[in-house]
Amino acid sequence: FRKIGDKSVLFDMAHTKRSIENLINSLKANFQGFDFIFLVSLMQGKDAGAILKFISGNAEKIVYTNSHKIRGIKAQDLANIVEGEVIEDLDLAYNSLFQELKKDQVLVVTGSHFLVSKILSKLS
């Protein structure tokens with residue numbers, strides 16, 4: 001979790017249905033009264049349908065991006081499973097969501113180790 005100015009960003013490498021459920025339960029417990037904006041990328045072989053349906057039931061907004069050209073599920077393919085915005089370039093996706101983020105929202109970056117590590121490496 002990072003507080004950047006008055007904005008809240010949570011980075012979590014949850015990438016299974018169970019870990020996403022744990023993440024959402026933790027978000028609800030620790031950020032009562034906040035809305036959740038999700039930036040999501042998933043790798044092939046994951047139960048994308050179950051993961052995304054759980055996220056969508058708890059998200060104000062979902063944006064899909066690409067974090068791995070070979071092993072990743074394409075952002076548009078994720079949006080075809082559960083509706084969400086597609087911003088293929090992960091830097092653009094993160095930066096635009098961060099800029100729009102309000103005080104009563106938490107940006108949740110999740111679904112892939114690749115996504116989280118690439119964004120965190122640029123913030124350090």
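A residue counts as exposed when its relative accessible area is over 50%, as buried when that area is under 20%, and as partly exposed in between. The legends below concern a predicted model.

View 1. Four aromatic pairs are present in the structure. In one of them, the ring centres of F1 and F31 are 5.3 Å apart and the planes meet at 45°, so this pair is tilted.

**View 2. The ring pair of F31 and F34.** F31 is buried, its relative accessibility being 13%. The centres of the F31 and F34 rings are separated by 5.6 Å, and their planes stand at 80°, so the pair is edge-to-face. F34 has a relative accessibility of 26% and therefore counts as partly exposed.

**View 3. A cluster formed by F1, F31 and F34.** Ring pairs link these three residues, F1, F31 and F34.

**View 4. A charge over an aromatic ring, K7 and F98.** The charged end of K7 is placed over the ring of F98. Its distance from the centre of the F98 ring is 4.7 Å.

How values were computed
Residues are numbered from 1 along each chain as its sequence is written. This is a predicted model: local features need pLDDT of at least 70, side-chain atom pairs count only at pLDDT 80 or more; totals for chains, interfaces and linings use all residues. Side-chain values use heavy atoms; hydrogens and water are left out. Rings of Phe, Tyr and Trp (its six-membered ring) pair if their centres lie within 6.5 Å; planes under 30 degrees apart count as stacked, over 60 as edge-to-face and the rest as tilted. Buried means under 20% relative accessible area, exposed over 50%, partly exposed in between (1.4 Å probe, protein chains only). A charge sits over a ring if NZ of Lys or CZ of Arg is within 6 Å of the ring centre and within 35 degrees of the ring normal.
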